[in-house]
Amino acid sequence: MYMNTRITTYGKITGIAGQNIPAPGIPDTDALRTWLQQQFPALAQQTYHIAVNHIVIYANTTLPAGAVVALLPPFSGG
Amino acid sequence: MQKKEKTFFVNGPVSPAFIADSIQKHSSKTGIGAHSLFLGQVRADVVGEDVVTAIEYTTYEALAITTMHTIRETLFARHAITCLHIYHSLGLVPAGEICLFVFASSPHRKAAMEACNDAVEQVKQLLPVWGREITGNGHYQWKENQPV
């Protein structure tokens, strides 16, 4: 079985899904996106990247046990 | 070349005194012949009938630290600079105050000017920071960066 996934959100995603999302064990980031969209339909209109263990990922990635996952909307510093 | 990692987040606005002090600290580095500075200031944008009075900045610090390290490595590889300092605000910055301070130095002007511009673009594109614009009526909207 996969361990539960810890998800933290940032920027405007926090307003949609809350700062911390308790999630069941999810095998990879594609499955995570599908699960998130089911839980928070408003995310379908949002652009965001996923970071796994503090690294932004750009292709489907396995979620290792105890992974630290972050949802990152477009940056707007400066 | 100086590549020492430093604290780069500032709580609240970057003060003019801090900027002046940063310039002063370089007077002993006499191999430097040019400084190029960029100061990002919070704009009082009009939003409908409301006006932005401040921006509140947040970050994903663990990712920001590694990203800033990468940005610095990239810039030192691309430009013949002597040193580079980047400071970004976190928390509330009122309109008219400084939220981003980039300071590039080199023996001759071209490298400093190009590195400064490059650093600003890298920060805006890559640094995981989010700005929430707060208006006079107490509403807010998430800031979106413009291409240039």
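Predicted model: local features only at pLDDT ≥ 70, side-chain atom pairs only at ≥ 80, totals over all residues.
Trainee: How many residue pairs are in polar contact across the interface of chain A and chain B?
Mentor: The side of chain A that touches chain B is made up, by class, of eight nonpolar, five polar and one charged residues. When both residues of a pair are required to have pLDDT 80 or more, the rule finds a number of residue pairs in polar contact across this interface, and that number is twelve.

Trainee: How much area do chain A and chain B bury between them?
Mentor: The contact takes 14 residues from chain A and 21 residues from chain B. On the side of chain A, F75(A), S76(A) and G78(A) lose the most area to chain B, together 43% of what that side buries. Of the total buried between the two chains, 59% is on carbon and sulfur atoms, and that total is about 1,500 Å².

Trainee: Which residues does Q46(A) touch, leaving out those up to four places away in sequence?
Mentor: Q46(A) is found in the loop between α2 (29-39) and β3 (49-52) of chain A, and with a relative accessible area of 23% this residue is partly exposed. The C-alpha atoms of Q46(A) and I16(A) are 9.7 Å apart in space, while the two residues are 30 residues apart in sequence. Once residues up to four places away in sequence are left out, those that Q46(A) touches are K12(A), I13(A) and I16(A).

Trainee: How many residues apart in sequence are the parts that E56(B) and R132(B) tie together?
Mentor: The side chains of E56(B) and R132(B) meet in a salt bridge, at 2.9 Å from N to O. Because E56(B) lies in strand β4 (residues 50-59) of chain B and R132(B) in strand β7 of chain B, the pair ties together parts whose separation in sequence is 76 residues.

Trainee: About how many helical turns separate D21(B) and K25(B)?
Mentor: The side chains of D21(B) and K25(B) meet in a salt bridge, at 3.6 Å from N to O. At 38% relative accessibility D21(B) counts as partly exposed, whereas K25(B), with a relative accessible area of 56%, is exposed. Because the two residues are four residues apart in helix α1 (residues 16-25) of chain B, the separation of D21(B) and K25(B) is about one helical turn.

Trainee: Which side chain of opposite charge is nearest to E133(B)?
Mentor: E133(B) is found in strand β7 (residues 129-135) of chain B. Not counting residues up to four places away in sequence, E133(B) touches several residues, among them D45(B), V52(B), H139(B) and K143(B). E133(B) is buried yet has no salt bridge, and the nearest side chain of opposite charge, 5.5 Å away, is that of R43(B).

Trainee: Which residue's backbone oxygen does the side chain of S89(B) reach?
Mentor: S89(B) is found in strand β5 (residues 83-94) of chain B, and with a relative accessible area of 0% this residue is buried. The residues that S89(B) touches, beyond those up to four places away in sequence, include V10(B), P13(B), Y57(B) and C99(B). The backbone oxygen that the side chain of S89(B) reaches, at 2.7 Å, belongs to G12(B).

Note on methods. Residues numbered from 1 in each chain as written. Chains lettered and ligands numbered in written order. Heavy atoms only, no water. Contact = heavy atoms within 4.5 Å. Buried area = accessible area lost by both parts, 1.4 Å probe. Polar contact = N/O pair within 3.5 Å; in protein donor to acceptor, adjacent residues only side chain to side chain. Nonpolar A, V, L, I, M, F, W, Y, C, P; charged D, E, K, R; others polar. Buried < 20%, exposed > 50% of the residue type's maximum accessible area, 1.4 Å probe, protein only. Lys, Arg positive; Asp, Glu negative; His and termini not counted. Salt bridge = Lys/Arg side-chain N within 4 Å of Asp/Glu carboxyl O.
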